[in-house]
Amino acid sequence: MKLMIIGSPGSGKSTFARRLAEQLDYPIFYLDRYWHQTDYSEAAKQRFIHEQQTFLQSHLDCIIDGNYVGSMAIRMQGSDVILWLQVSRWRAVWRVIKRSIATRCFHETRPDMAPSFREHFDWEYLKFLKFVWDYPRANRQEIPRIHQQVASGKPLLIIRNDTEKEAFLTKLVNQTKKPDKENR
């Protein structure tokens, strides 16, 4: 099964992707890790799209983590299930600030981010926080529109809290369990 996880920065996409991967033994493609190792050029955008397509085509079971609306249709087409994590604006902004402080001040690493990426508490960072704040309003209609256009036959599951994450994880793990010798 190919799982696509989208949602606002700070919604818990990467953490949930890691939990799913641990339970299911699926590889993860972290869009942020790949994108933030590029020079952000037009050629990099094309390689970015190609890498996503290649990853989806080369795995029967996998997780692809990240937003990037410009290539979202490609991922939706190649995925079996789309998970849209939705948290409050306040929670998303708080989580982004908290992880920024942890990585910047306490040198914590993020497996979902390029090792060379460094956040700077500057004007660009403030614009990013505004993007996080505006994400629900900006994408409330855009994501369903893309889904309807390219993947209407595939589930778009909205997950709003930890209880719903746990329920989805439990159900998926139970569905994908491979029978052991005793249960055959």
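This is a predicted model: local features need pLDDT of at least 70, side-chain atom pairs count only at pLDDT 80 or more; totals for chains, interfaces and linings use all residues.
Reader: How many residues line the largest pocket, and which lie nearest its centre?
Author: Rolling a probe the size of a water molecule over the atoms shows where empty space is left. The largest pocket here has a volume of about 1,200 Å³. Its lining has 47 residues, and those nearest its centre are Pro 9, Asp 32, Arg 99, Arg 110 and Phe 128.

Reader: Which elements give two or more residues to the lining of the largest pocket?
Author: The lining counts 47 residues. The elements that give it two or more are helices H1 (13-24), H2 (31-35), H5 (89-105), H6 (123-139) and H8 (162-176).

Reader: How do the lining residues of the largest pocket divide into nonpolar, polar and charged?
Author: Asp and Arg count as charged, while Pro and Phe count as nonpolar. Both kinds lie nearest the centre, as Asp 32 and Phe 128 show. Over the whole lining, the division is 16 nonpolar, 12 polar and 19 charged.

Reader: What is the volume of the second largest pocket?
Author: Its lining includes Thr 103, His 107, Met 113 and Glu 119. That lining divides into four nonpolar, three polar and five charged residues. The volume is about 280 Å³.

Reader: What span does H8 reach from its first C-alpha to its last?
Author: H8 has 15 residues. At 1.5 Å a residue, a span of 21 Å is expected. The model comes close to that, with a reach of 21 Å.

Reader: Within what arc do the buried residues of H8 fall?
Author: In H8, the buried residues are Lys 165, Phe 168, Leu 169, Leu 172 and Val 173. They line one face of the helix, because seen down the axis they fall within an arc of 125 degrees. An α-helix has 3.6 residues a turn, so residues three or four places apart point the same way. The arc asked for is 125 degrees.

Reader: What do the buried residues of H8 pack against?
Author: The other side of H8 carries the exposed residues Thr 163, Lys 171 and Gln 175. The buried residues pack against strand E1 (2-7), H1, strand E4 (81-85) and strand E5 (156-159).

Reader: Is Ala 167 buried, exposed or partly exposed?
Author: Ala 167 sits in helix H8. Its relative accessible area is 46%. Buried means under 20% and exposed means over 50%. Ala 167 is therefore partly exposed.

Reader: How far apart in space are Ala 167 and Gln 46?
Author: In sequence they are 121 residues apart. From C-alpha to C-alpha, the distance in space is 37 Å.

Reader: Which exposed residues does the face of H7 turned away from its buried side carry?
Author: Helix H7 (residues 142-150) has Ile 143, Ile 146 and His 147 buried. They are on the same side of H7, because they cover an arc of only 100 degrees around the axis. Their cover includes E1, H4, E4, H6 and E5. The face turned away carries Gln 148 and Gln 149.

Reader: What is phi of Tyr 40?
Author: Most residues other than glycine have a negative phi, and most peptide bonds are trans. Tyr 40 lies in the loop between H2 and helix H3 (42-58). Tyr 40 is partly exposed, at 39% relative accessibility. Although it is not a glycine, its phi is positive, about 65 degrees.

Reader: Where is Tyr 68 found?
Author: Tyr 68 also has a positive phi, near 45 degrees. At 23% relative accessibility, Tyr 68 counts as partly exposed. Its place is the loop between strand E3 (62-65) and helix H4 (72-78).

How values were computed. Residues are numbered from 1 along each chain as its sequence is written. Side-chain values use heavy atoms; hydrogens and water are left out. On a 1 Å grid over the protein atoms alone, a cavity is a set of points where a 1.4 Å probe fits but cannot get out, and a pocket is an open set with protein on both sides within 12 Å along at least five of seven lines; lining residues have an atom within 4 Å of a point. Grid points are joined across faces, edges and corners, and a volume is the space filled by probe spheres set on the points. Helices (H or I, at least four residues) and strands (E, at least two) are DSSP runs, numbered from the N terminus. Buried means under 20% relative accessible area, exposed over 50%, partly exposed in between (1.4 Å probe, protein chains only). The expected span of a helix is 1.5 Å times one less than its number of residues. The arc is that of the directions from the helix axis to the C-beta atoms. Contact means heavy atoms within 4.5 Å.
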